[in-house]
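Subject: Structure handover

Hello,

Here is the structure you asked to look at. Please open it first, then read my notes beside it.

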Amino acid sequence: MPATFVFDLDGTLVDTAPDLVGALNLVLSLEELKPVTTDELRHMVGHGARALIQKGLASRGRAVSDARFEDLVRAFLAHYELHIADESGLYPDVEAVLDMLADAGHVLAVCTNKPEKLSLLLLEKMGLLPRFAAVCGADTFPVRKPDPAHLTGTIALAGGDVRNAVMIGDSRTDRETAKNAGIPCILLEYGYSDVPARELGAEALIARFADVPKAAAGLLPASGS
Ligand SMILES: O=C(O)COP(=O)(O)O
Ligand SMILES: [Mg+2]
């Protein structure tokens with residue numbers, strides 16, 4: 001029975017931190033604030049660009065007006081779009097595992113809090129875009145993760161079935177989204193999270209992307225993977 005595998009993007013499929021840090025540090029420099037390190041940034045990602053900028057400014061004790069904030073969001077997105085794949089790269093085994101799942105007839109999709117346009121651009125640059133039946137970003141639906149409708153809407157667009165689906169992510173946001181949708185969740189320990197992934201109570205916790213098929217087989221209905 002084919003299952004639907006829904007993947008988070010940042011911190012799950014692609015290590016985007018090296019390019020996100022460039023965009024955030026541009027914003028901080030516009031405010032004459034000290035840059036963040038890539039490690040600091042890894043604890044701030046997961047709720048989209050606006051939340052990342054808010055966290056970056058807050059980490060430096062800076063509050064800005066609403067109008068200035070909108071200017072900074074525009075600067076961040078323009079810079080990030082130009083540099084989206086300068087240093088970002090796939091985590092080990094991502095391509096091979098996606099191929100294996102697709103060859104087995106499973107449906108693959110992406111559910112991310114990155115804007116849809118940037119998600120498509122990044123996946124295209126990583127050579128992964130043709131593998132996904134649906135790529136749904138923060139602005140694809142009126143709601144986004146952790147609202148379960150972002151996940152269930154992604155599965156519907158991909159032509160999958162919520163009763164035979166699994167979410168693979170890296171953060172509290174992914175864990176809560178899956179829980180809210182009644183869908184099992186696998187968390188990767190290497191991703192971006194404000195707390196260690198092992199503390200989030202996911203149905204499965206794995207250290208390597210190569211472990212996705214085995215973990216999913218234990219969570220999907222019989223013969224699901
Ligand atoms: O852009 C973000 O903050 C998070 O993106 P993700 O949902 O793919 O982890
Ligand atoms: Mg993520």
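First, a definition: a residue is near a molecule if its C-beta atom, placed from the backbone, lies within 6 Å of it. Domain bounds come from an automatic or database domain assignment. Keep in mind too that this is a predicted model.

**Domains**

The assignment gives two domains for the protein chain. Domain 1 covers 4–15 + 88–217, and domain 2 covers 17–82. Their centres, taken over C-alpha atoms, are 24 Å apart. Where they meet, 13 residues of domain 1 are in contact with 11 residues of domain 2. On the domain 1 side, the touching residues comprise four nonpolar, six polar and three charged.

**Ligand 1**

Where does ligand 1 lie relative to domain 1 and domain 2? Both domains give residues to the shell around ligand 1, so the ligand lies between them. The shell consists of D8, L9, D10, G11, V45, G46, H47, G48, L52, T112, N113 and K114. By class, the shell has three nonpolar, six polar and three charged residues.

**Recorded binding site**

UniProt, in an unreviewed entry, places the feature "binding site" at D8, D10 and D170. These residues span 163 residues in sequence, yet no two of their C-alpha atoms are more than 8.3 Å apart, so they gather at one spot. D8 and D10 also belong to the shell around ligand 1. To find D10, look in the loop between strand 1 (4–7) and strand 2 (14–15).

**A helix pair**

Now turn to helix 7 (residues 148–158) and helix 8 (residues 172–181). Their axes come within 8 Å and cross at roughly 75°. Angles of 65 to 115 degrees count as roughly perpendicular, so helix 7 is roughly perpendicular to helix 8. From helix 7, the residues P148, H150, L151 and T152 take part in the contact; they meet T177, A178, N180 and A181 of helix 8. This contact has four nonpolar, four polar and no charged residues.

**Two backbone details**

Most residues other than glycine have a negative phi, and most peptide bonds are trans. Two places are worth a look against that background.

- E32 is not a glycine, but has a positive phi of about 55°. E32 sits in the loop between helix 1 (17–30) and helix 2 (38–42).
- K145 and P146 are joined by a cis peptide bond, with omega about 10°. P146 is in the loop between strand 5 (134–136) and helix 7.

Best wishes

Methods
Residues numbered from 1 in each chain as written. Chains lettered and ligands numbered in written order. Predicted model: local features only at pLDDT ≥ 70, side-chain atom pairs only at ≥ 80, totals over all residues. Nonpolar A, V, L, I, M, F, W, Y, C, P; charged D, E, K, R; others polar. Axes fitted to C-alpha atoms, helices over the stretch in contact; angles between N-to-C directions. Helix = DSSP H or I, 4+ residues; strand = E, 2+ residues; numbered from the N terminus. Parallel < 35°, antiparallel > 145°, perpendicular 65-115°, else oblique. Contact = placed C-beta atoms within 7 Å. UniProt positions renumbered as here; feature names shortened; annotations may be inferred.
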